[in-house]
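Please examine the sequence and the three-dimensional structure shown below. The paragraphs that follow take up selected parts in turn.

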Amino acid sequence: MKEIINLPVKNVEEEEYHINMGPQHPSTHGVLRLVVSLQGEIVKSLKPHCGYIHRGIEKMCEKDTYPQIIHLTDRMDYLSAHINNHAVCMLVENALEVEVPERVKYIRTIVDELNRIASHQLWWCSFGMDMGGLTCFFYGLRDREKILDIFEESFGSRLLHSYYTPGGLMMDIHPDFQKNVKAFIKYFRKKIKDYDELLTGNIIMQLRTKGVGILSKEDAISYGVTGPSGRASGFACDVRKHHPYGVYDKVVFNEVMGTAGDTFERYMMRMHEMHESMKIIEQLIDNIPPGDYTTKMKAVLKLPAGEYFQRVEAARGELGVYVISDGNKSPYRMKFRSPNFSNLSVLDHVSRGCKIADLVAIGGSLDYVIPDIDR
Amino acid sequence: MNFSIYDFTSFTQWIDKLLYDNLPAFWAVVVEMTIIGLLVLLFYALIGLFLVYAERKVCAFMQNRVGPNRVGPFGFFQTIADLLKLLMKELVYIKNADSLLFNIAPFIVIIASFMAIAAIPFAKGLHAIDFDIGVLYVIAVSSLGVVGILLAGWSSNNKYSLIGAMRSGAQIVSYELSVGLSLVTIIILAGTMQFSAMVEGQANGWFIFKGHIPAFIAFIVFLIASTAETNRGPFDLAEAESELTAGFHTEYSGIKFAFFFLAEYMNMFILASIAATVFLGGWMPFHVGGWEGFNHIMDFIPPFVWYIGKTFFIIWIMMWFKWTFPRLRIDQLLTLEWKYLLPINLVNILIMAFIVLMGWHF
């Protein structure tokens, strides 16, 4: 094993030993490798090794046109594909100073929030499974299927939609979209009670998560932990609230904030966010204004030379897109600030001194998606 | 010979007499042992297969799924197909593993559970051996399995396996106490350790009803502790798949893995059988003292059906546990045993002894 690990031996105490969690391991949710240094069952330190699913998306973007880049962003955080698309579309629209129709903004906001619910549902599945409750997995997937059905009906695909284009949408929503979304919200309001009964209120789950993996507000800010994980520590970082885009400035919703910063708080943040997302959708779904679903754009989009930055609130935190354009049809340099990479960086800090089982629970509550870390 | 499904005693005695009449005493014993061994082995394999199927169906129903439904009627032959697959799979030999211990471990686990099943009364007159210390024997033998698990984890040359085995060792050593002490509570009430005498003692009411609240508490403690002792969820720390991939049997493949798998299910069956026998009357039908007509109707259901029904009811409860609760952490697991279950158990024994002394039980 020694030649695989390549760790400096000098700081390692004699009782410590290393295990490789991953690249193939049930709790890393993908091909992430954590070299964990253990003393008995206690985690002394850990070292994440990224890059097993690195596809060079940022480099590929330098050769692609802006409408093509949209399709690559789907493949980063594939669980919030719409929101990733939204970031690039808004960046191009702002750079070209195109005003998109109100209808587009409404639809984008609704679809983003649906995507956020779907993402949190899958997180709930896998978190339950990390805790050892396999039944959660099937409950969550059952309800996520309803959202994917709505997506499939309107956009023709279930996971990687590429529904947004610079200037608007690929196609108009399906005539049944509003009816189905309202039916889903009615259905899910009932089912989310099951989630609480099965996992949130469970004494074992509460014992295992409360007070485990505490992340202070200062650390959350200095590590750049955003999204529900950052807000659980009291870091007000919701882009939707502080830098509104879409029609988030027209709806009433709470920025769900926590104080404890432990695993249970991070869990509760996402449970609350699902309620908040449903509230946002309910306010918008009946008021989608009529009009065009896209604006007329030029055949070849060329951004004026300069630097551009756009951020959105993805399901796992703040997604930033940074572009340097030299006036050509593809960017000179493109950089994604992915929420998962920052969230992963804090894993070593919060899990020191915990047990292996806690490490798995903390990893589940940080909710990382590996393709977004590696890009 | 008069054969009856309500009482196997005359049937087994007839076979015994037949053998001893026709064979020398030594060979009669040999033939008898062989027959019983084969029958128990057959029963063991069939119950194991059925339990795997039952678990898949039960967990499917709890998870909005259908479960196996393609091979045979209601997917009934799925486990047989799986067994054939496991039999034909390659046995992987691991470099730098302690091959002797590695190969012995699955056999220790399966022999321990196989030995325990010999002492369990399935119906009136239908058990392999009727020890006068049956309860003690079953507890002693079923706890041998942990040796196999520890050896498996130690010899696999895998850190996950080692962690799993150490957890399993700590867990079984702790929970063995609760299993034993909750049975002691009932032994005080029954006044015997012999399974057949225990069952006979429940002819006018099961011990769980006869022993007031202490018997009920002992039953609950036994359920929790036996779930822990069989390494099943929420106490499946030894093979916690989200932490340790598969725990102590990570490195095993083919039929050796199947042995561990089968032994886990059979341990569940054995502990459920003990719970059914000790607390719920074993093969004894449900009787209420004084209700002659009701008791007579209950007697029409064969004892074997009563036994299987009670055992599977308890197995179903264990499966329900597993598919509902998340897993405990190792320190919480040990806290539960040493700080809660053990003191409760000890106080419970005192109360039970007091009740029996004062003659307050039914």
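Is B:Asn231 buried or exposed? B:Asn231 is buried, because 28 other C-beta atoms lie within 10 Å. A residue is called buried if 20 or more other C-beta atoms lie within 10 Å of its own, exposed if 12 or fewer, and partly exposed in between, with C-beta atoms placed from the backbone. The model is a predicted one, in which local features need pLDDT of at least 70 and side-chain atom pairs count only at pLDDT 80 or more, while totals for chains, interfaces and linings use all residues. Residues are numbered from 1 along each chain as its sequence is written, and chains are lettered from A and ligands numbered from 1 in the order in which they are written.

B:Asn231 belongs to the loop between helix 10 (212-229) and helix 11 of chain B. Helices here are DSSP runs (H or I, at least four residues), numbered from the N terminus. Most residues other than glycine have a negative phi. B:Asn231, although not a glycine, has a positive phi of about 60°. In chain A, A:Asp367 also has a positive phi, near 55°, and is a residue other than glycine. A:Asp367 sits in the loop between helix 15 and helix 16 (370-374) of chain A. A:Asp367 counts as buried because it has 27 C-beta neighbours inside 10 Å.

Helix 15 (residues 356-366) of chain A packs with helix 12 (residues 263-285) of chain A at an angle of about 30°, and their axes are 9 Å apart. Axes are lines fitted to C-alpha atoms, for helices over the stretch in contact, and angles run from 0 to 180 degrees between N-to-C directions. Helix 12 and helix 15 of chain A are therefore roughly parallel to each other (angles under 35 degrees count as roughly parallel). Helix 12 of chain A contributes A:Thr263, A:Arg266 and A:Tyr267 to the contact, and helix 15 of chain A contributes A:Ala361, A:Ile362 and A:Ser365. Two residues are in contact if their C-beta atoms, placed from the backbone, lie within 7 Å.

The two chains also touch: 27 residues from chain A and 23 residues from chain B take part in the contact. On the side of chain B that touches chain A, helix 7 (159-190), helix 11 (241-244) and helix 15 (330-358) of chain B each supply at least two residues.

Finally, helix 1 (residues 9-22) of chain B has 14 residues. The number of these that are buried is 0, so helix 1 of chain B lies largely in the open.

Conventions
Angles under 35 degrees count as roughly parallel, over 145 as roughly antiparallel, 65 to 115 as roughly perpendicular and the rest as oblique. The expected span of a helix is 1.5 Å times one less than its number of residues.
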